[in-house]
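Have the sequence and the 3D view open as you read.

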Amino acid sequence: MNVLLTGCRSYTALDLARRFRDSGWNVFAADSVKFPVCRGSRAVKEFFHVPSPREGCREFIAALAAIIRSAEVDLLLPTSEEIFYIAHGRDELSRYCRVFCDDFEVLKSLHNKWTFSRLTEGMSARTPETKLLTSAAQLKELGDPSAFAFKPVYSRFASEALLAPSRLPEDFAPSADRPWIAQRYIRGLELCSYHLAVDGEIAAYGSYEPSYRLGQASGYYFKPVHREKIDRFAAELVRKLDFTGHVAFDYIEEKDGTLHVLECNPRATSGLHLAGTAGLMKPFGTGGERLPEVTGGKLTVGGRTSSVNPAAIRISPGSPGTPGTPATPANPANPANPANPANPANPANPRNPRDPGPGSSGPPKNPGNPVPAEAPPMIGYAMLANPFYHGFNPSGIRRWFNDFRHGRDVLFSRQDPWVPLLHTRSLAETAFDSLSRRIPFKDAATADIEWDGETLN
C-alpha cells in the first residue's frame with residue numbers, strides 16, 4: 001500500500017513516515033519547499049516538489065492528483081496547514097485515493113478562533129470569555145486590556161498575540177477583513193493535546209506540557225502528562241462534529257485544576273510524538289491490507305458506516321461498544337518499537353500503566369499528575385542551543401542537563417541516522433526565505449502553506 005504525506009517539512013510528518021514505513025507501507029512525500037525534513041529520511045521512497053497552495057490552490061491540487069495517479073497512492077494524509085487546501089479540493093482528489101481529512105467548513109470552524117469558542121459552549125471544558133473584534137471602536141468596551149489576550153482570528157504559533165498588554169499598540173486596528181479576538185487572560189499551566197479521530201471516535205492521542213519553548217511560540221520539549229478532563233473534552237468535541245482527521249488543542253489549567261481550552265489546531269502537532277503506533281496506524285491498516293472504503297471523507301466498512309462502531313476500531317473484549325460511548329483506544333505491543341512494550345494491565349495505553357485512558361470509568365489510579373512512563377520527545381538541536389534556559393547558574397544548567405539526558409530526539413533514529421545532518425538544508429532554506437521575505441524565521445517556516453480565511457477558488 002502507498003501513502004502520500006504532505007506538509008512533510010514538519011517533524012510530525014517525519015514521525016508518521018517512519019511509522020508507516022515500519023508498518024509495511026511505501027511512503028511518498030510532497031511539499032512546496034525543496035528541502036523538507038522528510039526528504040532526508042530513509043522512510044521516504046520518493047519526494048515530490050509541488051507548487052505552494054497559498055500561491056496557487058488549483059495548481060497544488062492538480063500536482064497532487066498527478067502524483068497520486070503516477071505513484072498509485074492509496075492514502076493521502078495531510079499533516080500541516082496545507083490540509084485546508086486539500087480539504088477544499090477533496091472531491092477531486094477523492095476520485096483517485098482515500099483522503100484523510102474532514103470537510104473544509106468543519107476545519108474552518110475549528111481553525112477560526114472565534115467560531116471555535118462558540119463550539120465549546122456547554123462542554124466539559126470551555127474557552128475563557130471571548131469577544132470578537134471587528135473594529136477599533138469595540139476596544140473601548142473592553143476596559144483594561146491587561147485582562148485579555150488578543151489574537152488574530154486566524155493565526156498560529158502565537159503569531160502576533162498580545163498577552164495581557166498594559167496598553168495596546170497605537171496601530172492596533174481590528175477590522176471586518178481582519179478580525180481579532182479578545183480572550184480573558186488566565187494564568188496557569190499551559191498544556192497541549194493531539195488526537196487522531198475517525199468518524200467521531202478517538203483512535204490515538206498524546207498530551208504534554210511544552211516545558212521548553214521559543215518565547216511564547218512553539219515548544220521544543222514535550223513533557224508527557226495525563227488529564228482525564230482533556231480526554232473527556234476531546235472525546236466530546238470529536239463526537240459532536242463526527243470528526244475525522246488530526247485535531248489538537250491548547251489549554252490553561254488553573255491551580256485549582258480548572259481546565260480552559262484556548263484554541264484548536266485541526267492538523268498534526270507535537271503531541272503525535274506521544275501517541276501509540278498501533279492507535280495511529282489502526283485506521284489505515286498495515287501495508288498489506290486493503291484500505292476501508294471512504295464516502296465523503298469518512299471511514300466506512302463494506303460501503304457503509306457502522307452505527308455501533310463507526311470507526312471500526314478499538315473494540316475489544318470488555319470494551320464499551322454501544323453508540324455514544326467512547327471506546328477505549330487499543331494500543332497493543334508495537335514490534336517495530338521494542339522500547340515501548342505492551343502493558344497487559346492496561347492495553348489502552350501501554351505508555352502509562354497508571355492511566356486508565358479515555359472512556360474508562362472512575363478517577364485515574366494516580367490522581368494529581370499521573371505522568372506516562374515515556375521519555376519526553378524533544379527537538380534535540382533546539383535544546384542544545386540553549387543550555388541556559390533556566391538561568392546562567394549551576395542549578396539551572398543541571399536541570400537542563402537532566403531534562404536533555406532523559407529526552408528522546410524526534411529527529412534522530414538509528415535506522416535513519418542522517419536526518420539531523422541533512423535537516424540543516426531545511427533550516428538554511430527557511431533562513432533564506434526569512435531574509436528574502438523580511439519576515440520572522442518561524443513565520444517563514446509555514447508562510448507558503450498557511451490559510452488565513454482567504455477565499456479559495
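## The big picture

This is a predicted model, where local features need pLDDT of at least 70, side-chain atom pairs count only at pLDDT 80 or more, and totals for chains, interfaces and linings use all residues. Residues are numbered from 1 along each chain as its sequence is written, and side-chain values use heavy atoms, with hydrogens and water left out.

The chain has 13 helices and 18 strands; these are DSSP runs numbered from the N terminus (helices are H or I, at least four residues; strands are E, at least two). Of its 457 residues, 56% count as buried, meaning under 20% relative accessible area with a 1.4 Å probe, protein chains only (exposed is over 50%, partly exposed in between).

## Helix H1

Helix H1 covers residues 11–22, and at 1.5 Å a residue its 12 residues should span 16 Å; the end C-alpha atoms are 17 Å apart, which agrees. That expected span is 1.5 Å times one less than the number of residues.

10 of the 12 residues are buried, so H1 is largely enclosed by the rest of the structure. Among them are Tyr11, Asp15, Arg18 and Phe20. Just after H1, Gly24 takes a positive phi of about 100°.

## Nonpolar cores

A nonpolar core is a set of buried Ala, Val, Leu, Ile, Met, Phe, Trp, Tyr and Cys residues joined through side-chain atoms within 4.5 Å. The largest one has 56 residues, and Leu4, Leu93, Leu110, Phe233 and Phe249 touch the most other members. Helix H2 (residues 57–70) gives the most to this core, with eight residues. A second, separate core of 45 residues includes Leu75 and Tyr220.

Strands pair if DSSP finds at least two bridges between them, and two bridges join S7 (residues 148–152) to S8. Ala149 has Leu163 in S8 as its bridge partner.

## A buried arginine

Where is Arg267? You'll find Arg267 in the loop between strand S14 (259–265) and helix H9 (277–281). Arg267 is buried yet has no salt bridge, which would take a side-chain nitrogen of Lys or Arg within 4 Å of a carboxyl oxygen of Asp or Glu. The nearest side chain of opposite charge, Glu81, is 4.2 Å away (Lys and Arg count as positive, Asp and Glu as negative; His and the chain ends are not counted).
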